[in-house]
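Here is a walk through one model, going from a pair of helices to the sheets. Have the sequence and the 3D view open as you read.

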Amino acid sequence: MSKRIVIDPVTRIEGHAKISIYLDDQGEVYDARFHVTEFRGFEKFCEGRPFWEMPGITARVCGICPVSHLLASAKTGDQLLAVKIPPAAEKLRRLMNLGQIIQSHALSSFHLTSPDLLLGWESDPGKRNVFGLMDVDPGMVRSGIRLRQFGQQIIEQLGGRKIHPTWAVPGGVRSNLSTQKREEILSRLPEVKATVLSVLEQFKRLLEDFQEEAGVFGNFPSLFMGLITANGSWEHYSGLLRFVDSEGNIIADKLRASDYSDFIGEAVQSDSYLKSPYYKPFGYPKENQRNPPNSELDSELNNDGLYRVGPLARLNICDRIGTPLAEQELANFRQHGTVNSSFFYHYARLIEILTCVERIETMLDDLDLQSQHLRARADVNQLEAIGVSEAPRGTLFHHYQIDETGLLTQVNLIIATGQNNLAMNRAVAQIARHYIHGPNIPEPLLNRVEAGIRAFDPCLSCSTHAAGQMPLHIQLFNAEGLVIDQRYR
Amino acid sequence: MNRIKLATVGLGGCSGCHMSFLYLDEWLIELAQRVELVYSPLADIKVYPKGVDVALVEGAIANQDHLDMIHQVRKRTKVLISFGDCAVTGNVTALRNPLFQLSNTEIEGKTEDHGQSVLARAYLETATHPQLPKSDLVPPLLTQVLPVHKVVDVDLYLPGCPPDANRIRAVLEPLVEGKRPELLSAGNIRFG
Ligand code: SF4
């Protein structure tokens, strides 16, 4: 008899998910899949509301990266007004986004992932969390907490609150950075920079102990996508889209976000509320068949439309990162070329924190941050717009259509995490096939499968915003527990 | 000192309330010495344990999994705190409720058709490889999203979207000392 194992819930990720693992008669894994179990319906219930409300409402898609939605929504609003926002407003938005990338990456690295790496797979699952880590390495936890607080402080200083600030608006932002707040940020920079640099060193030392994981935690060729500047540098707020393949060849460049439907398709899988975007010109991978066996993963070389987004992708697509210390790290990161193992999302996140800190340091000298010209005012001048930004987890698209009065008639959101859905599926299958043999599966092995998901740092609150009414599902079981009848509504 | 058993639960919300909990920042380190975190999305225990002293419940009841979970939480918890506006009022998660009401009234007599067209919109029309998610691994949605107290008794309400860290601390601090928090004091009640 074949057997199914369900990890429910997947823990130490943001949101609700399960993993199912299927064993054949010999107890070998023939597939494993990742399921997102949350559904919220933003795209549908926002219809009929004024687009002015959207930054505030869509921030509530996600408590971890509300700033990403705030910015993507405000940027879509800018286009509906057909205005160019004041330079100071753009700089302030950028500053907030850098703060958010720091806080979100710090959460992933310290609060969610570090217990795996520092306490170990075999450690007591009851203690394998950030609280447990406080007993063992309080200094580490404290510096992680303070790093995250630094990013958060920037969001609060600009937006007036830590989570869900209603600060960015169509046309600009509501307030600037006072000189006093500027000083506060400045005074914390040395500590923060020292923290990131020392964690980077520690991570590189740890890497030696995790070679096996690095080899199978979502290690396969794929495409990578993200925003870059006009001259090919790392970018997080505007710019154009680039796809590269697993060897770093540019597949498509200078794509405009407003043309996304030409190159991104959205597939639906029967066992997840999360859709699966893919690169349209290369087609939907395997048409929803089971994940390719490990032996085939290498030969799959970029012949399907699976692509990854987020820190790993951003570092793989850019020609340079653009700040001195991070540049050195990037060179080390890419010493063997394009990085295909998803385990290196962790490393990429730390490098991105570093560049964000360096960028903030440079930005703070700009007197524009204290400007009073923060907002362009206009009425509706355009009925359709697409806004984009790089969220911590990857590229985020907001697409609105409105009527003449500014009420929304159509909303589509393409979320960073969704774009990693196919890769996360392939990763859980790869890890399960590598570690699991036979029906008795010790907990640390299952935790490794979950850890493969943690590497992507999925944000599932974000990913399940889709529209519509879901079916009710009724199942009848016989005495042996087999489904004998089922109905869907 | 006996550590109280603390749980945090995430239902239909955005994780923002949990994030706000983490903004207790360095006080978390103190808290960790006074409580035992026995269940949380931040920890690896998969089954909600018995004998929990205090539970912070984020989010509204939106699907079958939430419904099963909240009953278990109620049964196994002394002090259940409705944590954040989604738990207290349904908030953003419940914004979809009118849609479902609309479909319920409109569908008299032609259930199939209407159901199909709304579904079609989400997973058929906007998708390039369309199909409807249906698997025992994804929980069916409830036709109405409910605040926690509509389903089980709630002991304390902590509104806010999210409640800020100071207010969370104002609730937890007395509880870890075995006292009942006085939530009506100035500044402790705030929505949004
Ligand atoms: S109350 Fe607000 S912050 Fe909390 S889960 Fe709901 S939307 Fe998120």
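## Two helices in chain A

A:K193, A:L197, A:L200, A:E201 and A:K204 in α7(A) meet A:L325, A:E329 and A:N332 in α12(A), where contact means heavy atoms within 4.5 Å. Sorted by class, the contact between α7(A) and α12(A) has 3 nonpolar, 1 polar and 4 charged residues. For those classes, Ala, Val, Leu, Ile, Met, Phe, Trp, Tyr, Cys and Pro count as nonpolar, Asp, Glu, Lys and Arg as charged, and the others, Gly among them, as polar.

Helix α7 of chain A covers residues 179-207 and helix α12 of chain A covers residues 324-333; they pack at an angle of about 10°, with their axes 13 Å apart. That makes α7(A) roughly parallel to α12(A). Angles under 35 degrees count as roughly parallel, over 145 as roughly antiparallel, 65 to 115 as roughly perpendicular and the rest as oblique. Axes here are lines fitted to C-alpha atoms, for helices over the stretch in contact, and angles run from 0 to 180 degrees between N-to-C directions.

## Where the numbers come from

This is a predicted model, in which local features need pLDDT of at least 70 and side-chain atom pairs count only at pLDDT 80 or more, while totals for chains, interfaces and linings use all residues. Residues are numbered from 1 along each chain as its sequence is written, chains are lettered from A and ligands numbered from 1 in the order in which they are written, and side-chain values use heavy atoms, with hydrogens and water left out.

## A sheet in chain A

Chain A has an open sheet of 4 strands in the order β8-β7-β6-β11, with mixed pairing. Its edge strands are β8 (250-255) and β11 (307-308) of chain A, each of which pairs on one side only. Two strands pair if DSSP finds at least two bridges between them.

Strand β6 (residues 223-228) of chain A pairs with strand β7 (residues 240-244) of chain A in the antiparallel sense, over 5 bridges. Look for A:F224: its bridge partner in β7(A) is A:V244.

## Chain B in outline

Chain B comes to 7 helices and 7 strands. Helices (H or I, at least four residues) and strands (E, at least two) are DSSP runs, numbered from the N terminus. Read from the N terminus on, the elements of chain B go β-α-α-β-β-β-α-β-α-α-α-β-β-α.

Among contacts in chain B with a separation of 6 or more, 77% come from residues 24 or more positions apart.

## The sheet in chain B

Which strands make up the open sheet of chain B, and in what order? There are 5 strands in the order β2-β1-β3-β5-β7, with parallel pairing. β2 (35-39) and β7 (156-158) of chain B stand at the edges with a single partner strand each, so one side of each is left without a neighbour in the sheet. On average, neighbouring strands of this sheet are turned by 25° against each other, direction ignored.

Strand β3 (residues 52-58) of chain B is mostly covered, with 7 of its 7 residues buried. Strand β1 (residues 4-10) of chain B pairs with β3(B) in the parallel sense over 5 bridges, and B:G10 stands opposite B:E58 in β3(B). β3(B) also pairs in the parallel sense with strand β5 (residues 77-83) of chain B, over 6 bridges.

Notes: Buried < 20%, exposed > 50% of the residue type's maximum accessible area, 1.4 Å probe, protein only.
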